[in-house]
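Dear colleague,

Please find the structure we discussed directly below. My notes on what was found in it follow.

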Protein chains: 2
Amino acid sequence: MESTNGTAIEVPLGQVNAEIESFFESAPPLKDSADISKKLKEFIELNSATPGNGSARRVVCVSSGGTTVPLEQRCVRYIDNFSSGHRGATSTEYFINAGYAVIYLYRRGTFQPYCRSLPDDPLLECFEFIDESDIQVRQPYSEAVKRAINGHHTAVAAGHLLKLPFTTIFEYLQMLQMIAISIRNLGPHTMFYLAAAVSDFYVPWKDMAEHKIQSASGPLDMRLVQVPKMLSVLRKEWAPMAFCISFKLETDSEILLQKADMALKKYKMHVVVANELLTRKEEVIVVTSDEKIHVCRDKTRPGSDVEKPLIELLVERHSAHIKGPHA
Amino acid sequence: MESTNGTAIEVPLGQVNAEIESFFESAPPLKDSADISKKLKEFIELNSATPGNGSARRVVCVSSGGTTVPLEQRCVRYIDNFSSGHRGATSTEYFINAGYAVIYLYRRGTFQPYCRSLPDDPLLECFEFIDESDIQVRQPYSEAVKRAINGHHTAVAAGHLLKLPFTTIFEYLQMLQMIAISIRNLGPHTMFYLAAAVSDFYVPWKDMAEHKIQSASGPLDMRLVQVPKMLSVLRKEWAPMAFCISFKLETDSEILLQKADMALKKYKMHVVVANELLTRKEEVIVVTSDEKIHVCRDKTRPGSDVEKPLIELLVERHSAHIKGPHA
């Protein structure tokens, strides 16, 4: 909610709760929820067990990729939010390196951790036949393929990476709630790194056309309503002790920092990472209540990325959060 | 265009041409058009060369996957038409087996020919490390991986498969026009098998928000206008001798055949393949001006598909088209 003079007003929780209740009521039930629940339980148990050196692993939920909004119940058409998932996938690798257990909540078909240097269609582009029975990796992709398979399998086998895919906004928010509630007991040792591009508008399930919208009769007018802002509820109710980071992406640099500041106050995030569409791979601005820190990739090193210094900074801030007051 | 009593009225070409002109004028210019043009030229030259036995290869353009409609010029949000690309990818394999050269015009990220039995993320799911330097295919995927890499590389190396990716409706229609014009000289030996799920509505580029649509102020109202029906122009002007097959997908079986019939007459297609969302992998109906043929997969054979008998039938009809009058 914004006041008329543009400053952020905290949204009353009662009102938000009513909107969220109505959103979840209108959502189609989540498929495989029992299976997701079981995977989460096992993952948390494994990573919260105290090892020899006496401290359990920190757990971060990294959300990645864009959510879709179906326009028809038997979904043929939908609105999609573009996001390659590159930020989330890359950040996941650095979090695992830093000793975190990562719940990777990702859009089906987007980038996976350890796979960012691969071409679009790795199976067809990276392999070749030597003879009738044997295939091999093509030379230029040799390192990238090994890194992808090895890195990914090692992280999954060690129990440091749990991958949960979503497609629609309904699936995403239901899964985010399940994750938040299941890691709640780990208190401040948990982090939410919400890099997913979440739809702002949706068509309530009950208002939706059951069948494919017919195109015979002139222009199509659509009314979409706002998706309730779950960040407030995540922060205050679902996971009140967690360290929360959200992202603000704009195409217009003029309003970016103002929007990031507003999100910080409105949803009581600990950090908002502000990024602009055209420069997001070079630079981001880490916005907290008292700082604005420019984080850039190391341009002197080819192949470097902005996620490395970004995750270093956030891990450091998370440590301070764990020591300090968690509010 | 439909008359008030539901019968198809042929659209006057002048009117369609004006709409199309305005659509193409409003479209952002196609990237890599020189490169696409070059690839097409080489592909046609290679496949229209008469081999020893005296007949050139037939050429089919298979379109596959869904097109997107951007809602913002610097595209963050877009409307997407769901299509896995399974139909187009599978059909491509059968066309190549039947001796066709295939131009596979596909949506980025959708199914590729020879890859339909692979899991979602083949690189991560199908391979494992034996030791530090060597990877191998995991046993259950052994045949599928070999088939994918071998089948695909053989077809591409032989010059029988040209893959051209698109994302937006603007790219799709511009590329379809380029293809039609470049294979035009091959006359009736060409086929269009238009399995792509093409957007019916779009936002004209000039009406589009330059920046990301802001979500602060209430519901979002959108007006989309109809995409001009290119099929008429493809059939009459771009490739008047080609054998043209379009698809009609509906979720409501009650209106399916009526819609298919209408499309057949309205766009003067040679064949419309009618399919229903829920049963499309089991059965389709091939609609021509004087027949409605139910084509089903062979349910007695596990792993069989409906594309096999469908392509057999269409190849036969294409042979008749080549012999007969081509109008």
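**Findings on the two-chain model**

Chain B and chain A of this predicted model bury about 5600 Å² between them, 60% of it on carbon and sulfur atoms; buried area here is the accessible area (1.4 Å probe) that two parts lose on being put together, summed over both. L123(B), L124(B) and T251(B) supply 12% of the area that chain B buries against chain A, more than any other three residues.

As to conventions, residues are numbered from 1 along each chain as its sequence is written, and chains are lettered from A and ligands numbered from 1 in the order in which they are written. Because the model is predicted, local features need pLDDT of at least 70 and side-chain atom pairs count only at pLDDT 80 or more, while totals for chains, interfaces and linings use all residues; side-chain values use heavy atoms, with hydrogens and water left out.

**Interface**

In terms of contacts (heavy atoms within 4.5 Å), 59 residues of chain B touch 60 residues of chain A. The rule for salt bridges (a side-chain nitrogen of Lys or Arg within 4 Å of a carboxyl oxygen of Asp or Glu) finds 2 across this interface. R77(A) forms a salt bridge with D200(B), and their closest N and O atoms are 2.3 Å apart. On the side of chain B that touches chain A, at least two residues come from each of β3 (77–81), α4 (122–126), β5 (127–131), β6 (134–137), α5 (142–157), β10 (220–226), β11 (243–250) and α8 (253–267). Helices (H or I, at least four residues) and strands (E, at least two) are DSSP runs, numbered from the N terminus. The residues on that side divide into 29 nonpolar, 13 polar and 17 charged. For this division, Ala, Val, Leu, Ile, Met, Phe, Trp, Tyr, Cys and Pro count as nonpolar, Asp, Glu, Lys and Arg as charged, and the others, Gly among them, as polar.

The same surface serves both copies, since 100% of the contact residues of chain B recur in chain A.

**Strand pairing**

An open sheet of 4 strands has the order β9(A)-β10(A)-β10(B)-β9(B), with antiparallel pairing; two strands pair if DSSP finds at least two bridges between them. Its edge strands are β9 (201–202) of chain A and β9 (201–202) of chain B, each pairing on one side only. Between the chains, β10(A) and β10(B) pair in the antiparallel sense over 5 bridges, and R223(A) has D221(B) as its bridge partner in β10(B). Within chain A, 2 bridges join β9(A) to β10(A), where Y202(A) has V225(A) as its partner.

In chain B, a hairpin joins β13(B) to β14(B) through 4 residues. These antiparallel strands, residues 283–287 and 292–296, share 5 bridges.

**Salt bridges overall**

Over all chains the count comes to 30 salt bridges. One of them pairs E171(A) with R108(A) (3.8 Å, N to O). This pair links distant parts of the chain, 63 residues apart: E171(A) lies in helix α6 (residues 169–183), and R108(A) in the loop between β4 (101–107) and α4 (122–126).

With kind regards
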